[in-house]
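Hello,

Here is the model I promised to pass on. Have a look at it first, and my notes follow below.

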Amino acid sequence: MRGPAELAARAAVRYQRVYAAWAANPEQARAEVLPLSLDPPTQDLALADVDGVAAWIAAWRQWEHSAPGTVTWEGRRWASLGTQHLPVRAQLVGADAIASAAGRAGHWGLASSRAEMIAEMLQALGVGPTGLPGQGGAAEAVAAVISEVVEYEDDDVERLVAAVGWLASHPASGIYLRQLPIAGLDTKWLERHRRVVLRLLGAARGGDRLVESELGLRRAPTTVRVRILDPDLAAGGLRDVEAPVEEISRMWADRAGFIDVVAVENLATFLALEERPRTVAVWGAGSKVIHTLPLLSWARHARRVVYWGDLDADGMRILASLIQRFPGIVPVLMDAPTLERWRSLAVADPSRRTSRDGLQPEGLGYEQMRAWRMIADWGLRLEQERLPWDEATSALALALA
């Protein structure tokens, strides 16, 4: 015998699996049917548990009067108990009934109303209700995002509709995100809601999903910070400069092959570097250096490029990536002898994302690969600032000699 609790459990499973499709397709939602065969008792079972069977019948009578569903009853002629009217099948019809039986009526109300709002917005932008897979039908787009949108605050739903509508109408605005004429929309909001915005905007433009560069907004320029270690190279006496990569790249255009470059991972090391002829220091800012250093024309044509980073998993990955972009780059203090000599200054790597069977960076030299394996085995981090400064300075001078 199956009771109302089993139908409620099945309704909960069906609801969670299908509600997004229902929200996107109201006709499907209204036509959805969830039946349950109740496995009524035989005469022998009824005789063995008269009270239990009576309670089961009463439960279904009560459910029929209070729940949003129907029960089919059939008569049974039993020799020992006479004619009995037993529930044999229960049925829920429509998403409203299934959601109510599952205890998700409030959730479904939000999902369906917000799906309708998004669908109306997309259709106002010229998106058809349906479309070929990957071609941005409104229903397909709604189904893809409603599980997130249903969790939004009401204000965020309004911002979402306003943002997608404005961006779809201004595909090449060329303004910064903070200039959008939408209340409450800023960088952090877009970061939290990026996937939904891009998916709906993709549908509005007749596709599937955009990437952020297709929003038509102007992006803040990528900057890089340099310290000019040779006063003779400094324009107007400026020695510590942060500016867009394109502008920094135009410096020393007439001195290709003349400058030495020292790229370091951490800010403290960058600030501590001492004066040196014909040398410019680049602050790597962690892995940012992988992308910014190759954009600097005077670094690409430098007499020598040196990199000094932390002896940890991230530092070795950064070095490996730079080696692929600058085949002649010289690593400093990023090898096994350095780690062995100064292991007492190392600390446990809190992330320890490297493991013995993890992917090893490609392009490292023999001693760098040995250092990688030691880092992986020991879970260590030796930060570059920890090394004795006089020895570090000597190592840098030797690498640049």
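Let me start with a charged pair: the side chains of E6 and R2 meet in a salt bridge, 3.1 Å from N to O. By salt bridge I mean a side-chain nitrogen of Lys or Arg within 4 Å of a carboxyl oxygen of Asp or Glu. Both partners are partly exposed, E6 at 29% relative accessibility and R2 at 26%. (Buried is under 20% relative accessible area, exposed is over 50%, and partly exposed lies in between, with a 1.4 Å probe and protein chains only.)

Before going further, please note that this is a predicted model: local features need pLDDT of at least 70, side-chain atom pairs count only at pLDDT 80 or more, and totals for chains, interfaces and linings use all residues. Residues are numbered from 1 along each chain as its sequence is written, and side-chain values use heavy atoms, with hydrogens and water left out.

The structure has 18 salt bridges. Another one pairs D240 with R225, at 2.9 Å from N to O. D240 sits in strand β5 (residues 240-244) and R225 in strand β4 (residues 223-228), so this pair ties together parts that are 15 residues apart in sequence.

The largest nonpolar core has 69 residues, and W108, L160 and L200 touch the most other members. Such a core is a set of buried Ala, Val, Leu, Ile, Met, Phe, Trp, Tyr and Cys residues joined through side-chain atoms within 4.5 Å. Leaving aside residues up to four places away in sequence, W108 touches Y15, Y19, W22, A23, A29, A95, D96 and A99. Another core lies apart from this one, with 63 residues that include V332, M334, W342 and W372.

Which helices do the buried residues of α8 pack against? They are α6 (105-124), α7 (138-149) and α9 (187-204), with contact taken as heavy atoms within 4.5 Å. Helices (H or I, at least four residues) and strands (E, at least two) are DSSP runs, numbered from the N terminus. The buried residues of α8 include D156, L160, V164 and W166. Helix α8 itself covers residues 154-169 and reaches 23 Å from its first C-alpha to its last, close to the 22 Å expected at 1.5 Å a residue (1.5 Å times one less than its number of residues).

Best wishes
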